[in-house]
Amino acid sequence: MLARTADSLFWFARYMERADFVARIVHTTRRLASLPSRESSVANEWEAALSAAGALEAYQEAHEEVEANAAIEFLLFDTRNTSSIVSCIESGRINARAVRTALTIETWQTINAGWQEMKKVQAKHQARSLDTEELVAFLDLAMKIALDVDGSAYRTMLRNDAYWFSRLGLYVERADNTARILDVKYNILLPESESVGGSLDYFQWNAILRAVSAVTSYHWIYRDGVKPWLIADLLILRPEMPRSLLACYGEIVRFLDAISSAYGRQGAAQRRARQILGRLENTTMKDVFGAGLHEFLTDFIEDNNTIGGAIAEQYLLD
Amino acid sequence: MTQSAFFDEMTASGGDVRAVYARISRWLNASPPELLAARREQAELMFRRIGITFAVYGDKEATERLIPFDIIPRVLSRTEWNRLEKGLVQRVKALNAFLADLYGKGEILKAGVVPSDIIYRNPAFRPEMAGRPVPHDIYVHIAGIDIVRVDADDFYVLEDNARTPSGVSYMLENREVMMRLLPDLFASCGVAPVENYPEHLRASLRSVAPLRAGGDPTIVVLTPGQFNSAYYEHSFLADKLGVELVEGRDLLVRDGFVYMRTTQGPKRVDVIYRRLDDDYLDPLAFRPDSTLGVPGLMGAYQAGNVTLANAVGTGVADDKAVYTYMPEIIRFYTGEEPLLKNVPTWRCREADALKYVLEHLPDLVVKEVNGSGGYGMLVGPHATRAEIETFGKKLAADPSNFIAQPTLSLSTCPTSFSGGVGPRHVDLRPFVLSGADGVRVVPGGLTRVALKEGSLVVNSSQGGGTKDTWVVDDPQLA
């Protein structure tokens, strides 16, 4: 397949995954920010949201201070923010359009129809600011588009390199997102040995679970109240949790192996991905907290970036 | 007898429905306006979802506009079609023979049938092609011949498109949508299928591959990219052909061969169905500022290591000045009388013709020899006095750059719009494929319709729409 096609498929899936993640972050941050609490925390919550979405720097270039409405605008509609929901859906569609022949008709029509819906909301928003209900509906729409695109790809695409490259994009992005949301909250994700805070932290923990749609999963797995160290365990080391770092790397290794066996040779991307997976499989939460959660996540985010780079180098650039 | 100056394909402008339209007429009479409106909306939704869009240059707001689709089909009888088909095959064979001659021995110029200066001074003539034969002497693998009808018997060729004619995806998608929207009407009419067009296209492209490519040549479609107005069509065709859709940056030339960059390294390419104009193909050979092309492509092509379809330099044959000589060109190469007529044309390069044209501007259509898309032309009867005066000066300053034709009484077909159903002017672009094994035309083509009442401009870039074209068997007519 054309290297450019593989590149577009990879980024198409990444952007759709990111649109979903940004929508989830905004959803949960709105919940948190609406809790009766100290005034100052509202700005903190939005700063954390921008940071988790990888958009804090860009925001600070455009705005003096962090404020709820401006942050929402920036995360949803601002085209200067390459990770805003409209930017993600727009970029996702441009990439899909560039490789229409590599997508099934169903998948193309799903993204195209979703994009048209998105454009309608965008036009409405440009005419007059959306009210809260409409904003929430827009977040739901973004998540639905990502879900539909993912589902149609899963249901209709041939299991060949086109599918594998798109899945790689999805899981590399997802691993990054999970690590980021954990990292902006690392200060409240304490090991079992330390005393835990009050009810405010409880809402914070719940918000993390909500952001990765894992509230129910948590209760199914642990059959316990929400404990910060278990949240970290769930999102880092649990293989059955589809957004955990371990699960993402299981998939990344699986799809890279599929590509290397179809092409009859492997390279740095495969070796590096297996290393990261091995490290996740052979670690415990005790080790993670021992080395420092923040340090662990920072290292992981960097490793994950190198995988993206290795895939690009090996397949997408020539 | 006639109620209007135009031939209506359904009513023959006399009130009696022509047999070939009997079923359409009955269906129209039985369909209340709301039903037609509902079908129209459904069709639009389908097109939008599939993403069949068309970019209009210079129109920033509407970068992705739909070409309006009319749900009332345009109908031709099998007998009418057979006549057209024979004429099309004859004409395209002559076009290919003409190009092989121009880039070969130049017999037709030596014989004085076509003046040399309109060939050699034509910017579309490519000296790089002289003395370099192409596989099977086929230059125009895909031709779009624009045809208009003026009465029950007469069809005229309005223009030959021998470069990168577009529109075939609309022919195919219009058919898909019609079959889904109006399955009963469709089934009752016995419509000749068009969906084997991609098969024929693939066969034609395979047949002209370089010999050393062996039995299974690698074919690609080359597009300028997704912001080109016809990008949808490029991706559609690549998909139907089952081949890669490449951009210039996906190709590279090494040691005289063309390769595409794949996830498994470079892969050799044998046939390029290119939808990129000559000028942009290779920055080393043509426009140096082109970022859409492939450096070195022309070298690989001249070495015979890759086939381009259409060939480089076909533009010299679909020029409007050359068009006026098509009847002579057909006679010269086939020894037959042309089966399809040319529109009578004044060559403004000739003094008598220029005089006549300047005196009759309000009655004539004057076109630039190298213009396309309906731009840069004067439609006399629809122009203001000032427009005519300005155009007259332009014409007098550079007469050889223009031709003039009478305003044709383009036929009309019933067309649905928000206020009801009424006659609108149409033309027809059939697509003609040439391969080593012969010339093929799928029955029908793209019918373009001028949606504005009374308008004669059918170009999609100027608000024209399209219709599905049905070739129906004569026995079904009763």
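Helices here are DSSP runs (H or I, at least four residues), numbered from the N terminus. For chain A, the mean pLDDT is 92, and 97% of its residues reach 70 or more. This is a predicted model: local features need pLDDT of at least 70, side-chain atom pairs count only at pLDDT 80 or more, and totals for chains, interfaces and linings use all residues. Residues are numbered from 1 along each chain as its sequence is written, chains are lettered from A in the order in which they are written, and side-chain values use heavy atoms, without hydrogens and water.

Helix α7 (residues 132–156) of chain A and helix α8 (residues 161–184) of chain A have axes that come within 11 Å and cross at roughly 150°. Axes are lines fitted to C-alpha atoms over the stretch in contact, with angles from 0 to 180 degrees between N-to-C directions. α7(A) and α8(A) are therefore roughly antiparallel (angles over 145 degrees). In the contact (heavy atoms within 4.5 Å), A:D150, A:A153 and A:Y154 of α7(A) meet A:Y163, A:R167 and A:L170 of α8(A). Four of the contact residues are nonpolar, none polar and two charged. Nonpolar covers Ala, Val, Leu, Ile, Met, Phe, Trp, Tyr, Cys and Pro; charged covers Asp, Glu, Lys and Arg; the others, Gly among them, are polar.

Chain B comprises domain 1 (68–342 + 426–473) and domain 2 (344–407), with bounds from an automatic or database domain assignment. The C-alpha centres of these domains of chain B lie 28 Å apart. In chain B, 20 residues of domain 1 contact 17 residues of domain 2.

Technical notes. pLDDT is the predictor's confidence in each residue, from 0 to 100. Helices (H or I, at least four residues) and strands (E, at least two) are DSSP runs, numbered from the N terminus. Angles under 35 degrees count as roughly parallel, over 145 as roughly antiparallel, 65 to 115 as roughly perpendicular and the rest as oblique.
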